[in-house]
Amino acid sequence: MIKQFLSKVSRKQSKSSKNQESSGTQNPNLTSSSSKRSDLASGNSRKLVNSDISSPLNTRLNPNEPNFRNGGHVSVSYESLPSLRDVPSSEKQSLFIKKVIMCSVIFDFNDPTKNLKEKEIKRQTLLELVDFVASSNVKFTESVMQEFVKMVSANLFREFTPQPPDCKILESYDVEEEEPSMDPSWPHLQIVYELLLRFISSPDVDAKTAKKFIDHYFVLKLLDLFDSEDPREREYLKTILHRVYGKFMVHRPFIRKSMNNIFYRFVLETEKHNGIAELLEILGSIINGFALPLKEEHKLFLSRALIPLHKPKCLAMYHQQLSYCITQFVEKDCKLADMVIRGLLKYWPVTNSSKEIMFLGELEEVLEATQQPEFQRCMVPLFKQIARCLNSLHFQVAERALFFWNNDHIESLIRQNRKVILPIIFPALERNGRHHWNQAVHSLTLNVRKIFFDLDPELFNECLLNFQEEEAKEEKIKARRESTWKRLEEIAADKASSNEAVLVN
């Protein structure tokens, strides 16, 4: 009886285990859903081509997820999709979107041994997208633009390593000698930038539709990237932002305002930004296209943003581009010359000779575009500063100031206003002619003196007489001062033994 009972129990247990095994392997719902997930996760090419665009692929390759950003671990296998040339025209758009979404995955380039196969697949896919966009075979619908901008944003928009608050660029910074920092992810970034440039430049991209995705947020993030230390990246950004400015007219005021804010922050707070030169280069072409008469907004931009850019110590990094922008304004409206010259005098360097040479070069360019009425308004403070430059012990500063008389337009302005200018600079010319240590400066000074003497001998002699009188007065004051000190020393010597106070009349 006991043996029969035990045998029945064992049979029931074996049947129940078989039922459980069969129920675990034959559930159709679980089988289909798990197989779909595994197909999507494995990146199977046929499944991706034949599946609907709204499939879970969009969420599986979401670039905003932590595991796809900042070099996070890629939890899905990453395999290439079929070539766009190998599929029918009706499927190219959906395949294009899938390739764009696939390129949203971000890899870690700080470790060169990591995800080598996946990185190469992504690079080849990006190159294929560039060729496809360049061939003008893409119909840029809203869904295509949306996914495209998402992919570009995922790849390009990133945070740079912040600099310490007290880390400012030194005035001795040499752009040519300093080694720029190169981004290790540039092999992919370059292709993404090229793809974005082709997209913006494509005639098939409708600006009215694209502005929904190339919006103010996108423009702000693009401007943030100008602080990149990689000069190759800033060069691409310069071209792309200029194309955006040209294509999206609705964004033009916002772009100018945002650039203003970058300049304000740079001048007033940080004095540290890597892309000021590139931003000014873009502004140079924008200013060139300003319509006349200039709007008040543009004049305020000149006075509040551009002119204060002369203040930072690192002016050498962007002075060429800044000088071009300033000159463009004066050439557009010569009445702005007075404001520009007074602005330069306000920020004129006191102890930085190399910066002073840059100011003199820019001043010459501005004066070339200055007309008589504006010149007369500012010539007195201007030539007081030039007189100080003429007497500079740094021979290049004095030499650069004397070169103004080699410019025909500036010399013409000086000739017409010599009765005001010569009395201001004559003492500096006389001191240089007598005492300056540099032979080149000495020779140039004598040439300038001769120009004024030949032009107006009477005025020259009058200035010489005044200078000699002032010099005699200074000698008397100097002799009186020395006499006073000598008498003071004698009285002090007589009273040295006592504690009496010494009074000098």
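Which residues does E374 touch, not counting residues up to four places away in sequence? E374 touches C334, K335, A337 and D338, where contact means heavy atoms within 4.5 Å. The tour below returns to this residue after a view of the whole chain.

**Before starting**

This is a predicted model, in which local features need pLDDT of at least 70 and side-chain atom pairs count only at pLDDT 80 or more, while totals for chains, interfaces and linings use all residues. Residues are numbered from 1 along each chain as its sequence is written, and side-chain values use heavy atoms, with hydrogens and water left out.

**The whole chain**

Display the chain as a cartoon. Its secondary structure comes to 23 helices and zero strands; helices (H or I, at least four residues) and strands (E, at least two) are DSSP runs, numbered from the N terminus. Of the 505 residues in the chain, 44% are buried. Buried means under 20% relative accessible area, exposed means over 50%, and partly exposed lies in between (1.4 Å probe, protein chains only).

Now show the surface. The accessible surface amounts to about 28000 Å², and 52% of it belongs to carbon and sulfur atoms; the areas come from the Shrake-Rupley method with a 1.4 Å probe, and for residues only the protein chains shown count as cover. Among contacts between residues at least 6 apart in sequence, 74% join residues at least 24 apart.

Select E374, which lies in helix α18. E374 counts as buried because its relative accessible area is 5%. One of the residues it touches is C334, which is partly exposed at 28% relative accessible area.

Select helix α16 (residues 337-346) next. Seven of its 10 residues are buried, so the helix is largely enclosed by the rest of the structure.

**Second stop: aromatic pairs**

Colour the aromatic residues. The whole structure contains 17 aromatic pairs. Rings of Phe, Tyr and Trp (its six-membered ring) pair if their centres lie within 6.5 Å; planes under 30 degrees apart count as stacked, over 60 as edge-to-face and the rest as tilted.

F301 and F329 form a tilted pair, with 6.4 Å centre to centre and 50 degrees between the planes. This pair links distant parts of the chain, 28 residues apart: F301 is in helix α14 (residues 296-306) and F329 in helix α15 (residues 319-332). Both F301 and F329 are buried.

F375 and F383 form an edge-to-face pair, at 6.0 Å centre to centre and 80 degrees between the planes. F375 is buried, with a relative accessible area of 0%, and F383 is buried at 1%. Elsewhere, ring pairs link F426, F453, F460 and F467 into a cluster.

Select L196, L280, L306, Y318 and F383. Of the 129 residues in the largest nonpolar core, these touch the most other members. A nonpolar core is a set of buried Ala, Val, Leu, Ile, Met, Phe, Trp, Tyr and Cys residues joined through side-chain atoms within 4.5 Å. The largest share of this core, 10 residues, comes from α8.

Centre the view on Y318. Not counting residues up to four places away in sequence, Y318 touches F266, I276, A277, L280, L309 and P312.

Select helix α6 (residues 116-134). At 1.5 Å a residue, its 19 residues should span 27 Å, and its end C-alpha atoms are 27 Å apart, which agrees; the expected span is 1.5 Å times one less than the number of residues. The buried residues of α6 include I121, L126, L129, V130, F132 and V133. Among the elements that cover the buried residues of α6 are α5 (89-102), α7 (142-156) and α8 (186-201).

**Last stop: two loops**

Select E271, in the loop between α12 (252-270) and α13. E271 has a positive phi of about 55 degrees although it is not a glycine, and it counts as buried at 15% relative accessibility.

Finally, select L292 and P293, which are joined by a cis peptide bond with omega about -5 degrees. P293 is found in the loop between α13 (276-288) and α14.
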